[in-house]
Number of protein chains: 2
Amino acid sequence: MTLLISGWVAIDELETPFGKADSVLGGPASYAAIAASLFTDVRVLAGVGEDFPPAFRATLARPNIDLAGLTTLPGKTSRWGARYEYDMNTRDVLYTDVNVNEHWRPSLPAGWADSRSVFLAAAHPAVQMEIAAMLPGLRTSLVDTIRFFIELVPEEVKRAMRAATFATVNEGEARELAQTPSIASAGRKLLANGGQGVIVKLGEYGAAFVSKDDYFVAPGYPLEEIVDPTGAGDTFGGGFMGYLDTVQHVTPAEIRKAIIYGSTTASFAVEGFGPARLLTLTRADVERRYREFRALTHFEVDD
Amino acid sequence: MTLLISGWVAIDELETPFGKADSVLGGPASYAAIAASLFTDVRVLAGVGEDFPPAFRATLARPNIDLAGLTTLPGKTSRWGARYEYDMNTRDVLYTDVNVNEHWRPSLPAGWADSRSVFLAAAHPAVQMEIAAMLPGLRTSLVDTIRFFIELVPEEVKRAMRAATFATVNEGEARELAQTPSIASAGRKLLANGGQGVIVKLGEYGAAFVSKDDYFVAPGYPLEEIVDPTGAGDTFGGGFMGYLDTVQHVTPAEIRKAIIYGSTTASFAVEGFGPARLLTLTRADVERRYREFRALTHFEVDD
């Protein structure tokens, strides 16, 4: 069982009411890889610049994260700066410096073509499709995107979503892509585009999953205090695909479990600054909170 | 088993992308009474003006709704006008004409002092407390409020919430009353004020319930199309208290069921213009959707 994760590995500058740092390990692939590594073996396919700190590489180099696909290119690592207001729902993106990711092209290390699962974190949809095409043994794929690509190349984004097993989109992006105000109808419209399931990420309200035969709502975990929302969506994707990579058959019941595992890991991610909390997280912590998720939503039905 | 419901009975003017009407039966007590009457016997304590249409009275006069407390006063019925934008999340309140409710004082019809439950829909908190004080046989009470009273008399609103068993607040009002951005911490802060439980209404995302020993999240029902959101919160309160009035003991499990019954009736309410869908709703419809709510949120937990 191996999950390949592609997307940016970046250097983040973050400012929240709880902290401020100039240089934090960031990027969707970093959050996703750390989260997924709690469940399965992970391969990271990404490019960084010559300035990528050895300490960040060491942080990512966990026992079951293979960094053979983390290539160093001439130039600078992608950088992203963001500031959160008091209520954490307002994020000001200060800058997005693409740097090496402008020229990075995927090149698969020897032996990686057998990857059974792939999480194509936000990137140009052409690159996402190129990577998927390199993986003939693929059982399950998840594609994520960001508003930037939806506005730049909406049709290509839809094509990448169509080609994948699952797609994740933020609520606002779902409404924008589907041109409809209801979450349910946006989800169904995006599903009609293709793929087997669409996950609409609802932030602190949880997530909704739509497939041809299923509709599932995962609650938001009732956190008293959110320290830093950065990477929550990518952590969700990592936890979701990390768990799904381990199951014998991708059934509706396993998909629901994967969504709760994604929600669980994401709820931990936002408890720490940058990826800090994820780095100390254990599978036992995840299992404990998974059960709490059940307790949160359970109610009786009379027979 | 009897549930007393107090609050405005009004004449609404509504405009949504799906329809427009000058005069629709409205007001929190109307929505709540119709919803609650699917579960239990209801008594309506409210004042209307001489212009209150006999047809509206006839609509409310359902077999298990007692209108002995619906008094006609000199003057005009309260009127409320609202317009919804395309996405249904933006509501423009066009006007709120208090009319007879400026002078209406609660006066209990003979025999009503034995009411076992009360839903004190939005009104001046002094009036809400006055009504509760008239009901010595009370087992369970629910108090609801609106931003208008929170801004006018915040301390009195908190006092009325403290005196009740349960309080419902909209998410935005909860954040405002509690002065904190997280739903979980807003709920807990409001609970610390008093009462046994706080329900934060999350609109299309469902509802969160906080008590000393419990936290429960009810999902939003995935409606493809919302016709008119008017009265959803009051319908929730009516369904919640209507069910709770019928249970032998108000246990945490029954409270969770009541929240799902409230969510179920509210999900129907928004499917029709004004109270139209509620008026054709049957208990069998409610039971069917109650089970769908279970299917929406169920996931497996390994032993």
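**Figure 1. Two copies meeting through the same surface.** Of the interface residues of chain A, 100% are also interface residues in chain B, so the copies meet through the same surface. Here two residues are in contact if their C-beta atoms, placed from the backbone, lie within 7 Å. The structure is a predicted model, in which local features need pLDDT of at least 70, side-chain atom pairs count only at pLDDT 80 or more, and totals for chains, interfaces and linings use all residues. Residues are numbered from 1 along each chain as its sequence is written, while chains are lettered from A and ligands numbered from 1 in the order in which they are written.

**Figure 2. The side of chain A that touches chain B.** Chain A gives 33 residues to the contact, and chain B gives 33 residues. On the side of chain A, the elements that supply two or more residues are helix 7 (183-192), strand 14 (215-218), helix 9 (252-269) and helix 11 (283-297). Helices (H or I, at least four residues) and strands (E, at least two) are DSSP runs, numbered from the N terminus.

**Figure 3. The relation between the chains.**

**Figure 4. The surroundings of Val210(A).** Val210(A) belongs to strand 13 (residues 207-211) of chain A. Not counting residues up to four places away in sequence, Val210(A) touches Gly187(A), Arg188(A), Leu191(A), Gly197(A), Val198(A) and Tyr215(A).
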